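Take a look at the sequence and the model, then read on.

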Protein chains: 2
Amino acid sequence: MRATLVEVAPRDGFQPIGPFIPTEEKVAFVEDAHAAGLRRIEIGSFVNPKAVPQLRDTGEVLRRTARLDGLDAQVLVPNARGVALALEAGARHLAYVVSASEAHNRSNVRRDVAASVRDYGEIVAGLPAGVKVRLNLATSFDCPFDGRVEEDLVLSRLDGLLAHREDVEVGLCDTTGRADPNHVFSLVLKCLARFEGRTRWAFHGHDTYGLGLANVAAAWRAGIAVFDAAFGGLGGCPFAPGATGNVATEDVAWMFRRMGVATGVGLEALVAVAARAAALPGAAPGGRVRAALAGICAAS
Amino acid sequence: MRATLVEVAPRDGFQPIGPFIPTEEKVAFVEDAHAAGLRRIEIGSFVNPKAVPQLRDTGEVLRRTARLDGLDAQVLVPNARGVALALEAGARHLAYVVSASEAHNRSNVRRDVAASVRDYGEIVAGLPAGVKVRLNLATSFDCPFDGRVEEDLVLSRLDGLLAHREDVEVGLCDTTGRADPNHVFSLVLKCLARFEGRTRWAFHGHDTYGLGLANVAAAWRAGIAVFDAAFGGLGGCPFAPGATGNVATEDVAWMFRRMGVATGVGLEALVAVAARAAALPGAAPGGRVRAALAGICAAS
């Protein structure tokens, strides 16, 4: 048994951090994550640098990490302009985001879902051969504005999106961290049953309410084997410590190790990266394994 | 569907805290936990006050909370002397601990497991009618000294213990927090199958490595409906922040609410108790829901 971890800290984790992380340091994080055994890394995004100034050097990070052996570097692209910039910078794996819920899609990319689906169709139709696509369906479980997202809505969004191209990896995203294990298990089962075949699946969870690992375990049990996670549990809002971080890569790696599932990750090396990430000025770190492995005291 | 939460912060959570928590404040915590809907509370222990000075006032806390409507107050007793003191103080629900692993039992109560089982047999034989018993099997999954504890060993320990009295509630304790959801699911299924009948079951988890809720979800799925938890995620070692806390009651209550399982707990009131507990001098708090509900920022 094997699970694949997609390291998203350099994008989802760094993005909300205010103080600019020097390009040199970003490159070092990617190198060290790679050295810890991670092979899929979302290294940044090609979004408007005015909207996300932290990631304005994604092109440079991409170029300077391209030599890493076996690295599958993924970049987030919000629209056609982002795709053009990403391809120009040499990206070969693009992550595109559509929200299941209207309210979140409007807030996130200022378009309705139908427009995002159309744009997505045009984008994938125009991609050069060999460019891989991760399609992230944000708010697959819960929307910060609309609350619980019904499974039927998610399935019908996927009908529309996958009609454009089946051969993608769909990320079911628990954007708010309010999904629970039953919900995750149920939706994943339904998705896998409905779109059997060339489509691959991933789960993207946040640990906002402590359910990060419980939801990863539920997705795994339902048949998903690819998981987004961020070292140090980054991804939190720096103005609300403890809130909304991605599930920590080191916690996911630890859980799978305990479950006898290989991830290829060296936990000690990863915890060192996580500790450095957690200490970044402006970071709101999460996760438990980092502290637990740093200094275990006798259990009582 | 209904799950029962057993609040263990006043015992497992307060026990490692150095600065003495005034009796008045302990009583207020129990009162407020009760007001938040918790009806089973482990309010302290009758152990040698030299070993655990923090809990030297358990008799007083027990007396002063006895009037709370419907409160099922449980106290930990390590040996026959503790039982005598507990009964004298009016306790009607005793928690006794035996470890599955020899090394932990010796470290915890300075006896081998066989001696603990014998003592337990004598204790339950001598109890007045109507006194309830929680039998905690520590290190049911993993031992800090011996590592993974085999399921067959756990089952044989239970054979010996339950031969003395079937009508008890057995707490399967993940003392180190190193159990994983597969392990929990598997052992719980085996226990429930082997000891069908009058024995009831509970799961006692720690969140040391972030697996607290994942393990609670696995135990629930396997058929357990009683869960120990500590408000504020207390139970950590104050010398290793983040390490070895009990799973946070507010996180467990949140998860069950999201899963549509009733617990009778008022989350807002409980979070207020948890926040106060987390601020106790010397506390090493854990859990995510406390911070998440205090200040949610827009998810991205």
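Where along chain A does Thr139(A) lie? Thr139(A) belongs to the loop between β5 (132-138) and β6 (142-143) of chain A. Keep in mind that this is a predicted model.

Most residues other than glycine have a negative phi. Thr139(A), though not a glycine, has a positive phi, near 50°. Thr139(A) is also buried, with a relative accessible area of 0%. Over in chain B, Thr139(B) sits in the loop between β5 (132-138) and β6 (142-143) of that chain. Its phi is near 50°, again a positive value in a residue other than glycine, and Thr139(B) is buried at a relative accessible area of 0%.

Now step back to chain A as a whole. DSSP runs give chain A 12 helices and 10 strands. Its radius of gyration is 18 Å, close to the 19 Å that the globule rule gives for 300 residues, so chain A is as compact as a globular protein of that length. The C-alpha trace spans about 55 × 40 × 35 Å along its principal axes. Of the 300 residues in the chain, 62% count as buried. Looking at contacts in chain A with a separation of 6 or more, 74% come from residues 24 or more positions apart.

What about the surface and the charges? The accessible surface of chain A comes to about 10,800 Å², and carbon and sulfur atoms account for 53% of that. There are 32 positive and 33 negative side chains in chain A, with the centres of the two sets 2 Å apart.

| Cysteine | Closest cysteine sulfur | Sulfur distance |
|---|---|---|
| Cys191(A) | Cys173(A) | 12 Å |
| Cys191(B) | Cys173(B) | 12 Å |

A disulfide needs cysteine sulfur atoms within 2.5 Å, so the 12 Å between the sulfurs of Cys191(A) and Cys173(A) is too far for a bond. The sulfur of Cys191(B) is likewise too far from that of Cys173(B). Both cysteines at position 191 are buried: Cys191(A) has a relative accessible area of 0%, and Cys191(B) has 0% relative accessibility.

Next, helix α10 of chain A, residues 249-258. Why is α10 of chain A described as largely enclosed by the rest of the structure? Because eight of its 10 residues are buried. Among them are Val252(A), Trp254(A), Met255(A) and Phe256(A). The buried residues of α10(A) pack against several elements of chain A, including β1 (4-7), α9 (212-222) and α11 (267-278), and also against α8 (181-194) of chain B. After α10(A) comes Gly260(A), with a positive phi near 75°.

Last stop: a histidine in chain B. His204(B) is part of strand β9 (residues 200-205) of chain B. Is His204(B) buried or exposed? At 5% relative accessibility, His204(B) counts as buried. Leaving out residues up to four places away in sequence, His204(B) touches Val8(B), Asp12(B), Leu172(B), Cys173(B), Asp174(B), Asp228(B) and Asn246(B).

Definitions and conventions
Residues numbered from 1 in each chain as written. Chains lettered and ligands numbered in written order. Predicted model: local features only at pLDDT ≥ 70, side-chain atom pairs only at ≥ 80, totals over all residues. Heavy atoms only, no water. Helix = DSSP H or I, 4+ residues; strand = E, 2+ residues; numbered from the N terminus. Rg over C-alpha atoms; globule rule 2.2 N^0.38 Å. Buried < 20%, exposed > 50% of the residue type's maximum accessible area, 1.4 Å probe, protein only. Contact = heavy atoms within 4.5 Å. Areas by Shrake-Rupley, 256 points an atom, 1.4 Å probe, with all protein chains shown as cover. Lys, Arg positive; Asp, Glu negative; His and termini not counted. Charge placed at Lys NZ, Arg CZ, Asp CG, Glu CD.
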